[in-house]
Amino acid sequence: MFRLLAVGAVLVASALVGCTPPPGSCPEAESGLRDLTAVQNLDIGTAYRAQFAQDDRCYDPTAIREFNSLTPEIATFSNRIAAVEGRYDFSEADAICSLAREHEASCQPHNIIWDPQDHPEWGIVPDWIRSQPPDQRRQTMIRYVHDVVTHFSGQVEAYTLVNEAFDGAGQVTGGTWNTLGDDSFIVDAFRAARLADPDAKLFYNDWGAEDINPKSDAIFALAQRLHAETVPVEINGTIQQAPLLDGVGLQMHIGIGPGQAPDPTSVAANIARLSGAGLLVRITEMDVRLPVAEDGTATDADLQRQRELYDTMVQTCINAPNCSGITFWGFTDAHSWITENQSSFPGQGAAHPFDRQYRPKPAYQGIKDAMT
């Protein structure tokens with residue numbers, strides 16, 4: 001069985017690994033992480049793929065019990081919504097958001113504008129858009145953002161709107177959406193989104209910018225500029241000036257090896273400077289990958305290190321008044337984008353709070369410790 005898999009910087013077609021339903025009954029729990037969210041006034045969410053729920057009877061019950069926010073993992077990419085010119089398909093995303101509402105959880109459309117530069121073969125941007133001349137392509141982007149955000153307006157509270165538009169040195173990348181070779185496409189996308197949904201929280205999202213470094217410096221400068229720029233919108237019957245951007249999403253795909261995790265002190269400092277500029281922060285795609293044996297298991301020592309990182313990063317968010325929530329990029333090792341992408345992460349896995357049988361790992365307790 002093959003499926004398209006997408007996460008932040010990585011999307012490949014690969015065979016699913018470890019995705020058969022666990023044997024026996026699903027582990028039961030009287031409460032989940034979402035029961036602690038009211039204590040901290042914090043969203044705790046997960047990326048969600050509808051295909052997994054079809055194949056695995058434990059997937060939905062665990063997601064619903066544990067999290068008060070669902071993020072469509074791939075359902076709001078442009079190649080899912082606008083694969084064919086002149087026709088939108090929101091069915092998969094709508095089903096996920098409907099499930100969230102049914103269980104009093106929020107839904108966060110994800111990465112509406114994204115074109116990974118190192119992997120154009122992934123086809124995130126449909127060919128019919130890529131083939132347009134630059135001026136037409138820019139107008140297509142503006143109309144597309146407007147239409148997508150209008151579709152979800154009133155149903156969702158936040159969007160991670162533009163994804164991964166900077167390289168590691170803090171330079172704006174090229175790509176299909178960047179028709180002028182500068183950051184004006186980002187500005188245009190946020191302006192279109194703000195006009196389409198004045199009430200929503202709009203986030204720029206990226207990887208490798210969790211701590212203070214050249215990339216996060218560039219994102220900070222852009223975020224300040226977009227937060228200062230406003231457009232007139234109608235909110236509750238009155239015309240108000242609303243900022244183009246509300247906050248920054250920090251992906252937080254990390255590991256336990258040298259250089260694979262940011263310094264928590266630097267992460268806190270980065271979040272603090274964003275707070276000082278009036279900007280929100282959300283940890284949007286967190287996981288902590290480990291070295292694993294052929295059967296996917298990790299050592300006890302590495303599991304404890306993983307617990308410490310989950311605890312520390314969740315606590316860092318809780319300690320920051322402008323950090324509105326955390327989304328984990330998957331929650332069970334039975335369905336992991338890390339193990340599905342072994343060409344990118346050879347010998348790595350076991351990245352999530354639950355194991356393949358949906359049993360809580362030390363990482364799960366680390367998250368709970370941070371929240372209590």
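A disulfide is taken here as a pair of cysteine sulfur atoms within 2.5 Å. The model is a predicted one, in which local features need pLDDT of at least 70 and side-chain atom pairs count only at pLDDT 80 or more, while totals for chains, interfaces and linings use all residues. Residues are numbered from 1 along each chain as its sequence is written, and side-chain values use heavy atoms, with hydrogens and water left out.

Searching the whole structure turns up 3 disulfides. With the bonded cysteines numbered in sequence order, they pair up as 1-2, 3-4, 5-6.

Take C317 and C323, whose sulfurs sit 2.0 Å apart. The torsion about their S-S bond is about -100°, so this disulfide is left-handed. "Buried" here means under 20% relative accessible area, "exposed" over 50%, and "partly exposed" in between (1.4 Å probe, protein chains only). C317 is buried, at 0%, and C323 counts as buried because its relative accessibility is 6%.

C26 and C58 form another bridge, with an S to S distance of 2.0 Å. Its torsion is about -95°, so it is left-handed. This pair ties together distant parts of the chain, 32 residues apart: C26 lies in the loop between β2 (10-15) and α1 (37-40), and C58 in the loop between α2 (50-55) and α3 (59-66). Helices (H or I, at least four residues) and strands (E, at least two) are DSSP runs, numbered from the N terminus. C26 is partly exposed, at 21%, whereas C58 is buried, at 1%.

The bridge between C97 and C107 has its sulfurs 2.1 Å apart. A torsion of about -60° makes it left-handed. It runs from helix α5 to strand β5 (residues 106-107), across 10 residues, and both cysteines are buried.

Helix α5 (residues 91-102) also holds A93, a buried residue with a relative accessible area of 1%. Beyond residues up to four places away in sequence, A93 touches A75, T76 and F152, contact meaning heavy atoms within 4.5 Å.

As for the interior, a nonpolar core is a set of buried Ala, Val, Leu, Ile, Met, Phe, Trp, Tyr and Cys residues joined through side-chain atoms within 4.5 Å. The largest one has 99 residues, and those touching the most other members include V145, I186 and F328. Helix α8 (residues 184-196) gives the most to this core, 8 residues. Neighbours within four places in sequence aside, I186 is in contact with V162, A165, F166, L222 and L226. A second, separate core of 6 residues includes A47, W329, W337 and F345.
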